[in-house]
Amino acid sequence: MRIPIQINEHSPEPLYHQIETQLRSLIISGQIQEGTLLPSIRELANSLNCSVITIRRVYQDLENEGLLRTRQGTGTFVAGVGEQMREKFKRDTVVEALTTAVETGLSLHLSEDELKTIFMEIVQQKYNQPKERK
Amino acid sequence: MEPKLIEMRNIMKRRRTKSIGPLNLSIPEGYIIALVGPNGSGKTTILNMIMQTVIPDEGEISWRGNVYSKGLPLKLRQQIGYVPEQLNNEEKHMTVDGAAAFRSLWYDNWDGYYFDELLSKFGVPRGTKLYKMSKGERRKFEIAAALAPRPKLLLLDEPSSGLDPFAWKLMIDQLRDCLKDGNTTIVLSTHIVEEIRRLADYLILVHHGKFLGMVEKDGLLDNWKECWVTGDGSMIGELPGIVSWRQETAATTSFITTECLEVETILQSAGVLIHQTRSLELDEVLNLWIQGNKPAGVQE
């Protein structure tokens with residue numbers, strides 16, 4: 001199978017990290033299902049134009065997290081993801097995004113109240129949008 | 001660490017006008033290693049010394065830990081495929097089929113079906129004598145013939161010179177294909193940046209007959225970056241791996257670093273925001289490396 005991973009060369013984030021984050025979210029969100037056979041290390045390296053060293057590291061990390069499982073001689077498979085893990089992942093992703101937003105606010109010297117106001121405005125705007133359309 | 005296929009220890013080769021070495025290096029098995037460096041830096045001689053068609057004056061080369069001082073045994077030679085940069089003259093009056101039959105005598109494991117398949121993919125005319133072919137056609141024949149015995153080590157000396165872009169793509173695919181089983185090793189010398197990008201796991205830089213080191217390609221691209229930050233340049237000089245920096249406006253500074261991952265951690269904890277980063281192009285990286293800037297994590 002081909003895995004939809006996008007690499008941004010100019011991102012300050014290291015290559016292995018970009019691939020790892022995207023593969024992890026594909027697995028946890030269920031877009032790649034439990035039991036799926038992933039491409040071999042060399043195949044994935046070829047399709048992403050990166051080295052096998054990078055892909056090996058990604059597979060190793062995700063295996064340590066329990067998301068992948070390697071069977072000698074057959075290949076690397078997607079392991080089961082528990083409901084608890086899925087919830088934790090959702091939460092972690094949102095926390096990470098919000099932290100980045102708050103840090104941007106800090107670096108631009110916004111006060112706590114200003115930041116909260118902006119946040120509430122956006123929440124209002126986004127969450128109420130569908131209702132307005134009705 | 002993975003098993004070493006070839007190890008060079010204190011290799012020296014002296015020629016009238018220049019000398020190569022001392023060279024110390026291990027080539028890990030199952031990877032693609034790109035040998036890069038300016039013209040005349042010694043890449044071809046290094047490939048020849050690996051095959052022991054050029055004998056070093058000093059030092060030794062071992063294969064999976066064994067030193068063969070009386071020449072490589074036939075069994076080992078049969079596992080090597082070689083595409084030379086300077087094509088030999090001995091076979092020039094042979095046709096493609098004739099030359100293939102001749103070469104297959106030396107290789108027990110010559111795969112005629114695979115060779116035929118490669119020739120038809122590359123579109124090489126089979127009845128033509130080698131000297132009547134265009135440079136690119138001849139190169140295609142050489143690549144097919146080097147792959148036909150399904151070698152465990154492929155030594156490619158600027159394999160793509162003369163290839164059209166379609167044949168080049170095909171060559172890349174074929175090389176990737178023969179790595180699938182995981183125990184084939186490729187050492188290629190090349191000047192084509194795109195070839196390195198697509199193929200290499202490791203990169204070895206050769207300059208004036210010396211190795212400037214071996215480095216993981218992705219690590220190199222992750223670490224060599226140009227960054228733009230807010231603030232004046234006062235703190236930039238103290239960051240690791242700074243190659244150069246410039247005050248762009250009163251409030252922004254740009255710099256090039258060879259250790260972007262570490263720089264980022266430091267700046268983040270200091271509360272400095274990196275606005276923008278750009279990966280250096282591989283040719284910029286190689287140029288800066290030759291000028292003496294060492295990559296992080298380089299094996300020397």
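Trainee: Why are α2(A) and α3(A) called oblique to each other?
Mentor: Keep in mind that this is a predicted model. In it, helix α2 (residues 41–48) of chain A packs with helix α3 (residues 52–64) of chain A at an angle of about 120°. Roughly perpendicular covers 65 to 115 degrees and roughly antiparallel starts over 145, so an angle in the rest counts as oblique. That is why α2(A) and α3(A) are oblique to each other. Their axes lie 8 Å apart, and the crossing is right-handed.

Trainee: Which residues make the contact between them?
Mentor: From α2(A) come A:I41, A:R42, A:L44, A:A45 and A:L48, and from α3(A) come A:V52, A:I55, A:R56 and A:Y59. These residues divide into seven nonpolar, no polar and two charged. Arg counts as charged.

Trainee: Now for chain B: what makes β2 and β5 the edge strands?
Mentor: The open sheet has four strands in the order β2-β1-β4-β5 (chain B), with antiparallel pairing. The strands β2 (19–28) and β5 (66–67) of chain B each pair on one side only.

Trainee: How do you know that β4 and β5 of chain B are paired?
Mentor: Two bridges join strand β4 (residues 58–63) of chain B to β5(B). Pairing needs at least two bridges, so that is enough. In this antiparallel pair, B:W63 stands opposite B:N66 in β5(B).

Trainee: Which strands does helix α1 of chain B lie across?
Mentor: Helix α1 (residues 43–51) lies across β1 (4–14), β2 and β4 of chain B, and runs at about 120° to β1(B).

How values were computed: Residues are numbered from 1 along each chain as its sequence is written. Chains are lettered from A and ligands numbered from 1 in the order in which they are written. This is a predicted model: local features need pLDDT of at least 70, side-chain atom pairs count only at pLDDT 80 or more; totals for chains, interfaces and linings use all residues. Side-chain values use heavy atoms; hydrogens and water are left out. Contact means heavy atoms within 4.5 Å. Axes are lines fitted to C-alpha atoms, for helices over the stretch in contact, and angles run from 0 to 180 degrees between N-to-C directions. Angles under 35 degrees count as roughly parallel, over 145 as roughly antiparallel, 65 to 115 as roughly perpendicular and the rest as oblique. A crossing is left-handed if the near helix is turned anticlockwise from the far one by less than a right angle, and right-handed if clockwise.
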